[in-house]
There are 2 protein chains.
Amino acid sequence: MCQQCNYSQLLESASLEATTNRLQVLEVIGGSHCPLSATDIYNVFDRTQAMNKVTVYRILDLLVEHNILERLSTGRRAAYYGLAPNEHHASHAHFYCNRCGQMDCLRPETFSIDSEHLKKTFPGEIARVEIRVDGICKNCLRH
Amino acid sequence: MCQQCNYSQLLESASLEATTNRLQVLEVIGGSHCPLSATDIYNVFDRTQAMNKVTVYRILDLLVEHNILERLSTGRRAAYYGLAPNEHHASHAHFYCNRCGQMDCLRPETFSIDSEHLKKTFPGEIARVEIRVDGICKNCLRH
DNA sequence: CTGCGTCCTGCAATATTGTTGCATGAGGTC
DNA sequence: GACCTCATGCAACAATATTGCAGGACGCAG
């Protein structure tokens with residue numbers, strides 16, 4: 001998902017310690033071409049070196065809170081996590097396959113939405129806009 | 001949310017029996033100015049006349065499947081339910097307050113997205129596009 | 001009008017996902 | 001060395017949703 005991000009730097013500029021666990025979570029997410037669920041993430045560590053699921057959840061929460069990761073909803077129960085938009089990658093919509101549960105990133109230019117106008121007129125504070133396209137992916141269509 | 005929908009008719013045109021429970025669920029959702037969670041819905045019935053939560057979940061699933069209701073994600077765990085777009089109400093985005101958990105409907109013209117183009121070019125089948133704005137609502141900002 | 005099938009509902013148990021409380025251990029500071 | 005803060009782990013718990021099974025309503029064939 002991102003080869004240009006320096007994860008230690010991301011953490012330090014958020015005043016967070018760059019611990020091994022945090023770096024590993026970031027590497028797993030950053031190394032994936034699509035957002036991952038918390039379960040996906042700690043399953044990766046089950047194979048190589050155990051990381052407690054609570055630790056994974058806490059790291060995910062922390063990084064979302066510091067805007068390093070973004071939490072994506074799926075229409076099902078589990079949330080998915082991807083790198084938050086930053087100078088290296090623009091905010092973009094996602095496609096969620098209702099059949100296999102895979103979530104994919106759409107290209108940033110897929111939707112052009114004017115959230116600036118909304119931010120000026122909306123009587124509240126807007127943190128982010130999430131766009132998700134639901135359907136059936138091409139792999140599942142073949143079967 | 002909708003005074004024009006005839007719920008029995010909606011059910012019948014989907015070949016579903018218009019049972020009391022289903023009509024009541026539809027009336028609760030249709031009578032609300034904003035989408036409701038499954039818990040909200042069966043709490044309404046706790047006061048007036050009990051309906052089992054499993055029944056509520058099953059009715060919600062069934063109606064979503066038949067495109068009478070739409071399931072909205074919140075970024076938290078509970079899903080919210082509103083009437084699906086139909087001839088009486090256009091598809092629209094929603095605002096979710098991260099502080100109080102209230103979900104509100106935005107006016108349909110808030111975002112104009114070109115999903116037709118995407119449907120033509122995307123190598124998969126697109127069922128719907130969900131847009132959610134997250135932030136803090138004006139009520140919560142006051143406190 | 002009796003027996004059979006189908007559908008809706010309820011209850012209990014279970015599953016999935018995420019969170020909290022508390023203890024331990026590492027590393028820094030006085 | 002005593003003390004602090006922070007990250008982590010473990011166990012228990014909480015919130016949300018689903019499954020299995022049984023009973024009851026309703027229509028229909030005989």
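**Chain pairing and DNA surroundings in a predicted model**

Leaving aside residues up to four places away in sequence, Leu10(A) touches Cys5(A) and Ile68(A), two residues being in contact if their C-beta atoms, placed from the backbone, lie within 7 Å. The model is a predicted one, in which local features need pLDDT of at least 70 and side-chain atom pairs count only at pLDDT 80 or more, whereas totals for chains, interfaces and linings use all residues. Residues are numbered from 1 along each chain as its sequence is written, while chains are lettered from A and ligands numbered from 1 in the order in which they are written.

Leu10(A) belongs to helix H1 (residues 7–13) of chain A; helices (H or I, at least four residues) and strands (E, at least two) are DSSP runs, numbered from the N terminus. Leu10(A) counts as buried because it has 24 C-beta neighbours inside 10 Å, the term buried requiring 20 or more other C-beta atoms within 10 Å of a residue's own, exposed 12 or fewer, and partly exposed a number in between, with C-beta atoms placed from the backbone. Between Leu10(A) and His117(A) there are 107 residues in sequence and 30 Å in space, C-alpha to C-alpha.

The contact between the chains takes 27 residues from chain B and 27 residues from chain A. On the side of chain B that touches chain A, strand E6 (125–136) and helix H6 (138–141) of chain B are the elements that give two or more residues, and E6(B) gives the most, with 12 residues. This side of chain B divides into 12 nonpolar, seven polar and eight charged residues, where Ala, Val, Leu, Ile, Met, Phe, Trp, Tyr, Cys and Pro count as nonpolar, Asp, Glu, Lys and Arg as charged, and the others, Gly among them, as polar. Since 100% of the interface residues of chain B are also interface residues in chain A, the copies meet through the same surface.

Strand E6 (residues 125–136) of chain A pairs with E6(B) in the antiparallel sense over 11 bridges, pairing being assigned if DSSP finds at least two bridges between two strands. Val129(B) in E6(B) is the bridge partner of Val133(A). An open sheet of six strands, with mixed pairing, has the order E5(A)-E4(A)-E6(A)-E6(B)-E4(B)-E5(B); its edge strands, strand E5 (103–105) of chain A and strand E5 (103–105) of chain B, each pair on one side only. Within chain B, strand E4 (residues 94–97) runs parallel to E6(B) and is joined to it by four bridges, with Phe95(B) opposite Val133(B).

DNA strand D is surrounded by 21 residues, the closest being Thr19(A), Asn21(A), Asn52(A), Thr55(A) and Ala38(B), where a residue is near a molecule or strand if its C-beta atom, placed from the backbone, lies within 6 Å of it. H4(A) supplies the largest share of this surface, four residues. DNA strand C is surrounded by 22 residues, the closest being Ala79(A), Thr19(B), Asn21(B), Asn52(B) and Thr55(B), and here the largest share, four residues, comes from H4(B).
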